[in-house]
Amino acid sequence: APNGHKRQLRCNNDAKDAKMSQINNSELQTPNSALPPGWRWVRLGEVCELIMGQSPPGTTYTDKPGGLPFFQGKADFGEYFPKVRAWCTQPIKIAEEGDILISVRAPVGPMNMSSLKCCVGRGLAAIRCRDNAINWYIFWYLRCIEKQIASLGSGSTFDAITRGDLIGLELPLPSIEEQKRIAVKIQELIQEVERARTACEKQLEAAKALPAAYLRQVLESEEAKKWERKRLGEVCEVFSGTSAPQGKQYFEDGIFPFVRVQDLGHYGRTISLTETFDKVNKKAVSESKLKLAKSGTILFPKSGAAILTNSRAILGIDAYVVSHLAALYPKIDLALTEWVYFCLCQVDMVEYSENPGYPSLKLSVIAKISIPLPPISEQQRIATDLKEKMAQVEKLRASIENQLEAINALPQAILRKAFRGEL
């Protein structure tokens, strides 16, 4: 090989050795540190057999049942056990029930426990424990260092790890009895975490459903049926933004907020959009004839797939607006901004869009959408009540999301504790 190529290979190997050293000397995995009595440091290759996958000839595997289940990579993994998507009639590399399957090609690191005898393709390796190791103990340890394993991946076209990378991994190994005890304890605790996560996710879904429930309670009430209805074009100025300036010279040292569709995507729904990803300068304003939207303008997507998100926002600042957004500026003597906003949160704009291939909304169609319109005093009372309820929902949602984040961090905390001998 040319000298330059050899130097590159040495650099790649040095980088991989450095990553391996980082794994083997992390807070959890430190071979030189003390272990609990009866524990010792071993390499994965000392306690497990490695079977690197190999794809069989193309004509020997099919999506029709027959032969052995065939797993190719991460896409075949279920929550804990693989999902059978294909079968192989002439298997080359075979994993047995209870083998640990690990993805060795992008994405590197994800793993699962095989619940049946199967054929493994090039994207997987099977880790088979010898008599001095318990598969679930090894599985949970590898899960614990999954991110570090992923960092070993390298390659010119996609990341991959080798047999040598895997067998060189060091792990703390107690007695067989202790491995069994730890594996069972981890399983019990992880199941508790899963139950807590499921309960928390249900609470979050319920919290997310509250805004729509509050709006239905108001806008579909018997009282609401008595209110007159007005078209948006009768109570609002209906317009859209302008094309975004092309060229970084229009954004350098920008001082004027420029609202794009992604800004609404970031917020989802908000009654006070005050921050934008982009700002334009005076050159952009003067040369591009940008459309200024005043604070209090209601924005929502009018073209592209963003219509499907039904994002809504009330500008909390004066800002220039991109052409992909529709804008409504209510006539204050007829309709309050927040009232129109809440009414629009109950409107699915997909019903008014044209061309399913590339959804779009015409301003003339938007102007004809009707909304209920009680007296201004009633709009004010209801909008104030809804704002308070939405604020409470937002606090509730944030609290539940924080709980969920804490729950999601528990598995790794459990595993770190287990493999320090503290469980």
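Where does H12 bend, and which proline follows within four residues? Select helix H12, residues 376-418, and go to Leu-410: the helix bends there by about 30°, and Pro-411 is the proline that follows. (A bend at a residue is the angle between axes fitted to the seven residues ending there and the seven starting there.)

Before moving on, some ground rules. This is a predicted model, with residues numbered from 1 along each chain as its sequence is written. Local features need pLDDT of at least 70 and side-chain atom pairs count only at pLDDT 80 or more, while totals for chains, interfaces and linings use all residues; side-chain values use heavy atoms, leaving out hydrogens and water.

Now show the whole protein as a cartoon. You'll have 12 helices and 22 strands on screen (DSSP runs numbered from the N terminus: H or I of at least four residues for helices, E of at least two for strands). The C-alpha trace spans about 80 × 55 × 50 Å along its principal axes. The radius of gyration is 30 Å, whereas a compact globule of 423 residues would be near 22 Å (taken over C-alpha atoms, with the globule rule being 2.2 Å times the number of residues to the power 0.38).

Back to H12: its 43 residues reach 63 Å from first C-alpha to last, close to the 63 Å expected at 1.5 Å a residue (that is, 1.5 Å times one less than the number of residues). Next, select helix H6, residues 176-219. Look for a kink of about 35° at Leu-210, shortly before Pro-211.

Next stop, the second largest pocket, with a volume of about 530 Å³. (On a 1 Å grid over the protein atoms alone, a pocket is an open set of points where a 1.4 Å probe fits, with protein on both sides within 12 Å along at least five of seven lines; lining residues have an atom within 4 Å of a point.) Select Arg-269, Thr-270, Tyr-341, Met-390 and Glu-394, the closest to its centre of the 19 lining residues. H12 gives the most to this lining, with 6 residues.

Finally, find the open sheet of 4 strands ordered S16-S14-S20-S17, with mixed pairing (strands pair if DSSP finds at least two bridges between them). S16 (278-280) and S17 (292-293) are at the edges with a single partner strand each, so one side of each has no neighbour in the sheet. S17 pairs with S20 (residues 319-321) in the antiparallel sense over 2 bridges; pick Ala-293 and you'll find Ala-319 of S20 opposite.

How values were computed:
Points joined across faces, edges and corners; volume = space filled by probe spheres on them.
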